[in-house]
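Subject: Structure handover

Hello,

Here is the structure for your files. My notes on it follow below.

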Amino acid sequence: GWCQFLLVAAIAWAASSIDAWLPYWPVYPVLSPHPWLTFQLDLARCLWAVLPAACLWGASFPLALAAAAPRHQDSGRVVGAVYAANTLGAIVGAVTFSMILIPAVGTLWAQRILIAAAALAAMLVLLARLRATPAAGRRAPGVAVVSAVVAVPLIAAVLAYGAPPVPGELYAFGRKIMSPDYVPKMLYVGEGMNASIAVSEDPNGARYFHVSGKTEAGSYPSDMRLQRMLGHLPALLNPKPRSVLVVGFGAGVTAGTFLAYATIERVVICEIEPLIPRKVAGYFRKENYDVLNDPRVEVVYDDARHFVLTSTDKFDVITSDPIHPWVKGAAALYTREYFELVKRHLKPGGLVTQWVPLYESTMDVVKSELATFFSVFPDGIVWVNDREDGADVVLLSQVDPAPIDVDAMVERFNGNAKAAASLREVGFMSAIDLMSSYAGRGSDLAAWLNGAAVNTDRDLRLQYLAGLGLNVNDRYKIHSELMQARRVSSGLFVGSQANLAELRNAIENAEPGWYQYKPGRR
């Protein structure tokens with residue numbers, strides 16, 4: 001009983017530690033690139049918050065056995081019953097809080113309910129013990145009964161009321177809460193079944209979408225350029241795209257780009273967290289072209305791996321914009337098996353695009369991501385978001401590899417006013433300008449990728465490799481080496497002499513002989 005009562009204070013301690021103390025510890029964990037120091041800091045933070053309650057909960061089980069077991073009798077049946085109750089309670093508690101209570105009432109009220117549950121348990125056990133007649137025939141003193149009935153719930157109520165709310169900035173910036181990239185104006189904070197999300201706005205009016213302390217999308221110019229590239233590159237390369245699968249909703253910008261194409265009949269968005277499309281889309285309605293209200297759009301709430309494994313649909317375009325592979329579960333969208341599933345869901349002539357970040361990453365991680373993609377799509381192409389200082393790249397491949405017809409790209413760009421305006425909004429003034437983001441092809445980057453680990457479902461090595469480089473930022477070095485390793489194969493781009501010459505001049509450090517002239521084309 002006293003153990004349960006102490007748990008009331010221990011749970012309140014954990015709530016205060018997680019929400020009010022640890023985010024503002026004077027130790028800034030992102031400053032050190034060394035993984036072992038980061039691990040030690042994380043371990044210390046976990047012990048600080050969780051250890052008191054963990055010890056008390058651990059002690060509760062043997063104490064419950066000692067209290068329930070009959071003296072001088074076979075206690076096997078009682079031990080089994082207590083053990084079964086403990087196991088069942090662990091299952092029910094985990095499911096109820098993570099899948100029902102937190103999405104319904106939020107972390108703060110879930111913590112308060114947990115405090116109340118511990119207090120109720122303490123009252124029930126203490127009262128049952130106090131009401132029992134001792135062996136000497138004396139009844140329990142009234143003071144003890146009053147303490148159990150009054151003091152326990154009163155203290156629990158005070159501690160529950162004093163539990164601090166989760167700061168919205170924690171959902172937005174996570175480890176960087178002490179030194180955010182900007183002074184945020186929090187527009188929305190919500191807790192779902194699979195993730196906690198937030199939408200913030202910087203002093204310049206740019207908006208950002210965050211998932212569990214990680215910025216995932218936004219209206220900042222470089223973010224917008226990337227999100228539009230993921231959609232427009234495959235849509236322009238495919239003569240008549242009709243169906244699209246978008247893995248991950250984000251801010252809805254990538255999915256919205258496909259609405260600019262009249263041939264598109266169906267856009268399927270696969271999103272694991274239902275809260276994201278419903279709550280986030282409205283904050284980026286201008287950027288995503290009000291994607292959720294278009295009749296061609298269908299949202300499927302499912303894990304992407306499960307969807308591509310079980311669905312029988314095939315698509316003209318599949319685009320994936322997952323979060324960094326060091327985020328739990330995200331590395332499963334960078335495996336060879338995932339790309340093989342994607343390939344099987346592409347129609348003849350279909351295309352796939354995949355986002356790969358260069359920031360908050362290491363050389364080995366990026367090489368592993370590219371090598372894994374090229375192991376399934378050997379003729380895949382890399383397009384860099386920013387030719388001067390790339391923060392991320394787009395991987396693209398056709399299920400039936402073919403040269404890129406520059407004339408056709410120019411014609412589709414000029415003949416689609418909506419798509420052209422969408423690209424010009426992010427700085428691509430022409431189809432040539434868009435294609436000049438070329439940064440290499442799989443076969444030409446083979447020497448640079450030599451020895452890179454291929455990420456598979458069996459080992460998910462990338463998740464741990466990326467985790468070791470959590471605080472490393474080698475984006476400039478990675479970008480520089482990628483640009484130096486870039487080669488443009490002869491015949492990769494085909495078209496009229498004028499367009500090929502213009503594209504050749506637009507691509508930095510282009511090598512002679514990389515293009516192939518097709519007579520009779522303007």
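Which side chains meet in a salt bridge at 3.2 Å, N to O? They are those of R266 and E298. A salt bridge here is a side-chain nitrogen of Lys or Arg within 4 Å of a carboxyl oxygen of Asp or Glu.

First, the ground rules. This is a predicted model, where local features need pLDDT of at least 70, side-chain atom pairs count only at pLDDT 80 or more, and totals for chains, interfaces and linings use all residues. Residues are numbered from 1 along each chain as its sequence is written, and side-chain values use heavy atoms, with hydrogens and water left out.

**Salt bridges**

The whole structure holds 13 salt bridges. Take R266 and E298 again. R266 lies in strand β6 and E298 in strand β7, so the pair ties together parts that are 32 residues apart in sequence. Helices (H or I, at least four residues) and strands (E, at least two) are DSSP runs, numbered from the N terminus. R266 is partly exposed at 30% relative accessible area, and E298 is partly exposed at 35%. Buried means under 20% relative accessible area, exposed over 50%, and partly exposed in between (1.4 Å probe, protein chains only).

E265 and R242 also meet in a salt bridge, at 3.8 Å, N to O. E265 sits in the loop between α7 (253-257) and β6, and R242 in the loop between α6 and β5, so this pair ties together parts 23 residues apart in sequence. E265 is exposed, at 54%. R242 is partly exposed, at 39%.

D316 and K347 form another, at 4.0 Å, N to O. The pair links distant parts of the chain: D316 is in strand β8 and K347 in strand β9, 31 residues apart. D316 is buried, at 9%, whereas K347 is partly exposed, at 29%. Salt bridges with shared partners also join K176, K214 and E360 into one network.

**Sheets**

Two strands pair if DSSP finds at least two bridges between them. Strands β5 (residues 243-247) and β6 (residues 266-271) pair in the parallel sense over five bridges. There, V244 stands opposite V267 in β6.

Strands β2 (residues 196-201) and β3 (residues 207-211) pair over five bridges. E201 has R207 in β3 as its bridge partner.

**Aromatic rings**

A search of the whole structure finds 16 aromatic pairs. Rings of Phe, Tyr and Trp (its six-membered ring) pair if their centres lie within 6.5 Å; planes under 30 degrees apart count as stacked, over 60 as edge-to-face and the rest as tilted. W13 and W21 have ring centres 5.0 Å apart and planes at 70°, so the pair is edge-to-face. W13 is partly exposed at 31% relative accessibility, and W21 is partly exposed at 36%. Ring pairs also link Y338, F339, F373, F374 and F377 into a cluster.

Best wishes
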